[in-house]
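The sequence and structure come before the details.

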Amino acid sequence: MKTSKNIDELIDENFMDKNKFSMTIENIVKESNKTINYIDAIVEYCESKDIEVESIVKLIAPSLKEKIKAEATRLNYIKRTTKGVLPI
């Protein structure tokens, strides 16, 4: 029989919130030396955990959402806004 400490550790390991999910995606991008973009990192994470990409929408923090939006705009996946974007 497992003790409550082991159960709590198991819950903490498997529980995912916005911050933990964002950090996980940031680490995937960082470890790839920016060869994987944020969109691909999310898809890779979902495939590795065998979950649908649509199900993680609630886990995307606003900061990560902005990075994805900027990346999608840069890759012409979405239209640019009327606001000017300075090149970085």
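## Nonpolar core

The largest nonpolar core in this predicted model has 14 residues. Those with the most contacts inside this core are Phe21, Ile25, Ile42, Ile56, Ile60 and Leu64. Helix 2, helix 3 and helix 4 are the elements that give two or more residues to the core. Helix 3 supplies the largest share, 5 residues. In soluble globular proteins, nonpolar side chains tend to be buried together.

Ile60 is one of the residues with the most contacts inside the core. Apart from neighbours within four places in sequence, Ile60 is in contact with Lys18, Phe21, Ile42, Lys65 and Ile68. Phe21 and Ile42, both on that list, are also among the core residues with the most contacts.

## Packing of helix 2 and helix 3

Two packed helices are described by the angle between their axes and the distance between the axes. For helix 2 and helix 3 the angle is about 110 degrees, and the axes are 9 Å apart. An angle of 65 to 115 degrees counts as roughly perpendicular, so helix 2 and helix 3 are roughly perpendicular to each other. Their crossing is right-handed.

Which residues meet where helix 2 and helix 3 pack? From helix 2 they are Phe21, Thr24, Ile25, Glu26, Ile28 and Val29. From helix 3 they are Tyr38, Ala41, Ile42, Glu44 and Tyr45.

## Aromatic pair

A pair of aromatic rings is described by the distance of the centres and the angle of the planes. The structure holds 1 aromatic pair. It is formed by Phe21 and Tyr45, whose ring centres are 5.5 Å apart and whose planes stand at 80 degrees. Planes over 60 degrees apart count as edge-to-face, so this pair is edge-to-face.

The pair links distant parts of the chain, since Phe21 lies in helix 2 (residues 18–31) and Tyr45 in helix 3 (residues 38–49), 24 residues apart. Are these two residues buried or exposed? Phe21 is buried, with a relative accessible area of 0%. Tyr45 is also buried, at 11%; the cut-off for buried is under 20%.

## Thr73 in helix 4

Thr73 lies in helix 4, which covers residues 62–74. Its relative accessible area is 12%, so Thr73 is buried. Not counting residues up to four places away in sequence, Thr73 touches Ile78 and Arg80.

How values were computed. Residues are numbered from 1 along each chain as its sequence is written. This is a predicted model: local features need pLDDT of at least 70, side-chain atom pairs count only at pLDDT 80 or more; totals for chains, interfaces and linings use all residues. Side-chain values use heavy atoms; hydrogens and water are left out. Helices (H or I, at least four residues) and strands (E, at least two) are DSSP runs, numbered from the N terminus. Buried means under 20% relative accessible area, exposed over 50%, partly exposed in between (1.4 Å probe, protein chains only). Contact means heavy atoms within 4.5 Å. Rings of Phe, Tyr and Trp (its six-membered ring) pair if their centres lie within 6.5 Å; planes under 30 degrees apart count as stacked, over 60 as edge-to-face and the rest as tilted. A nonpolar core is a set of buried Ala, Val, Leu, Ile, Met, Phe, Trp, Tyr and Cys residues joined through side-chain atoms within 4.5 Å. Axes are lines fitted to C-alpha atoms, for helices over the stretch in contact, and angles run from 0 to 180 degrees between N-to-C directions. Angles under 35 degrees count as roughly parallel, over 145 as roughly antiparallel, 65 to 115 as roughly perpendicular and the rest as oblique. A crossing is left-handed if the near helix is turned anticlockwise from the far one by less than a right angle, and right-handed if clockwise.
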